[in-house]
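Good morning, everyone, and thank you for making time for this. Please bring up the sequence and the model, and keep both in view while I talk.

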Number of protein chains: 4
Amino acid sequence: MSEQYAPGRADYADFVRRIFDGAPFVQDLGIELVTAEPGTIESRLHVLRRHCQQDGYLHAGVAATIADHGAGAAAATLMPVGKVVLTVEFKLNLLRPGLGDTLRCRSRVLKAGRTLCVAESEVFMTGDIERLIAKATVTLAYVDEPRSP
Amino acid sequence: MSEQYAPGRADYADFVRRIFDGAPFVQDLGIELVTAEPGTIESRLHVLRRHCQQDGYLHAGVAATIADHGAGAAAATLMPVGKVVLTVEFKLNLLRPGLGDTLRCRSRVLKAGRTLCVAESEVFMTGDIERLIAKATVTLAYVDEPRSP
Amino acid sequence: MSEQYAPGRADYADFVRRIFDGAPFVQDLGIELVTAEPGTIESRLHVLRRHCQQDGYLHAGVAATIADHGAGAAAATLMPVGKVVLTVEFKLNLLRPGLGDTLRCRSRVLKAGRTLCVAESEVFMTGDIERLIAKATVTLAYVDEPRSP
Amino acid sequence: MSEQYAPGRADYADFVRRIFDGAPFVQDLGIELVTAEPGTIESRLHVLRRHCQQDGYLHAGVAATIADHGAGAAAATLMPVGKVVLTVEFKLNLLRPGLGDTLRCRSRVLKAGRTLCVAESEVFMTGDIERLIAKATVTLAYVDEPRSP
């Protein structure tokens, strides 16, 4: 089931790093890029109280953010120079309550077309053991890079 | 198409306020509750640079957070005392690029059952004019309130 | 919330009729087009035993089919000549058990872009009264019409 | 990533067979059960012209039906006696145009809780080669078996 992908640009690893380092919301939350391969990304978050909802569980919005951003970065590894990636839609299932201290997200491209890409993200939480707590499917569009003024 | 709902508890408005005030992630982002009626919630966010992704647009994770949280709060207006609400899954379509300074989210219950509730959130961005930028469908579960230790 | 749309082609009503009459699966099930306006479609199905699942409820696949096809047709009212519509993805929530004799589906475009369109379908079942039993969000792509050989 | 599941009832294989044989819509379409293991199901459809949409591709509703039904059957392998399975919602991504003669669907449970189950279906089309053409995530509820009158 796992496909082999060719990178969309020679400097795909740097490009993906900029997608993490250059995204204020991702920096603000503390989400880090761990590894980037063509079509696959791993990211991580040290979970703090400020990431939680009113009953002490991880907020679904945090799981959504790491899942969406990772999927976008996985899609970006396959894009040619001059394109950027935008989320068209995503769907997230929360499978277990989010309790633990480290979130790990594994994102991979399911299908990359000319203008659209579909990727999946699996979100794991580590407490005593590591468990799959959420899974997302993300549809992304490849669009022309906005020009600098 | 709009249904009339009876509140699930007499103090539903206070209960919903606690869902906003007591959620660290929602406070951290700056999302505010505007109005709460049985089955309907409105919330708001003053958009800052820290809410954006790498190309200057609102991060999809922020739209997801306000949409999910608002839907959960709308569901919570209909819940009896002793229950809390957990997101089972949600799906978000991003309809227009998120550029502007104020995000407004209108969430409403589509169907409330005994253990599950389906709600929708419409997310609007105000720049020069207000436009619908995202729409979400959220499935929520009513679960027993966690006991204090 | 309801937007005004200009039709994508002068003969949009005939074009939509062909999308129903020319689709073998839709004909086989018995789904009929009721009305077509720019951006909005209504369709209908007389529910038979053969549309049901193992416990006597409408099969989710039938609700999915009418919701997807109606959304595609609604999107098609806004397309220029030479384009056809393909479903990229959809999400369907089943809100009530499907019991009754007539299914009515109201589909409308939420946002039409240059290459993508997002539409919603509301599926109602009439037994003693008419009730919303399902709601879908559908993402569609406008692609070039396949050439005849 | 693949979990080991215990069957929910001793006669799970017969139970799943009845979910296929006893569902009029599934019989009408021609969908067959191939294999059933605890948490995993495989099903198949010989694609005919009547399963297609107006441009000759497999109708998305057919992919949705096999994906939803297979996911429900996979969930049913884990259910105790006295319960039946109902679809709460599903989301389907269409990854490639559906052209070919045999559809194969592999469904597996991602997470089974007490009242809810999340399953995935991968839909493959065989023409010259076999390719993944669609992927679905399905949320299901375990509900009490309807009593016979």
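I will go through the contacts between the chains and then turn to the cysteines.

A word on conventions: this is a predicted model, in which local features need pLDDT of at least 70, side-chain atom pairs count only at pLDDT 80 or more, and totals for chains, interfaces and linings use all residues. Residues are numbered from 1 along each chain as its sequence is written, chains are lettered from A and ligands numbered from 1 in the order in which they are written, and side-chain values use heavy atoms, with hydrogens and water left out.

Let us begin with chain A and chain B, where 37 residues from chain A and 36 residues from chain B take part in the contact, contact meaning heavy atoms within 4.5 Å. The area buried between them is about 3,000 Å², with 60% of it from carbon and sulfur atoms; buried area is the accessible area, taken with a 1.4 Å probe, that two parts lose on being put together, summed over both. Of what chain A buries against chain B, A:F25, A:Q54 and A:F90 supply 21%, more than any other three residues.

The rule finds four salt bridges across this interface, a salt bridge being a side-chain nitrogen of Lys or Arg within 4 Å of a carboxyl oxygen of Asp or Glu. One of them joins B:K91 to A:E89, with the closest N and O atoms 2.7 Å apart.

Moving on to chain B and chain C, we find 18 residues of chain B in contact with 18 residues of chain C, and a buried area of about 1,600 Å², of which carbon and sulfur atoms give 59%. Here, too, the rule finds four salt bridges, including the one between C:E120 and B:K135, whose closest N and O atoms are 2.7 Å apart.

Finally, how many disulfides does a search of the whole structure find? Over all chains it finds zero, where a disulfide is a pair of cysteine sulfur atoms within 2.5 Å. For A:C52, the nearest cysteine sulfur is that of A:C105, 17 Å away, and A:C52 counts as buried at 10% relative accessibility, since buried means under 20% relative accessible area (1.4 Å probe, protein chains only). The sulfur of A:C105 is itself 14 Å from the closest cysteine sulfur, in A:C117, which is too far for a bond, and A:C105 is buried with a relative accessible area of 0%.

Note on methods: Buried means under 20% relative accessible area, exposed over 50%, partly exposed in between (1.4 Å probe, protein chains only).
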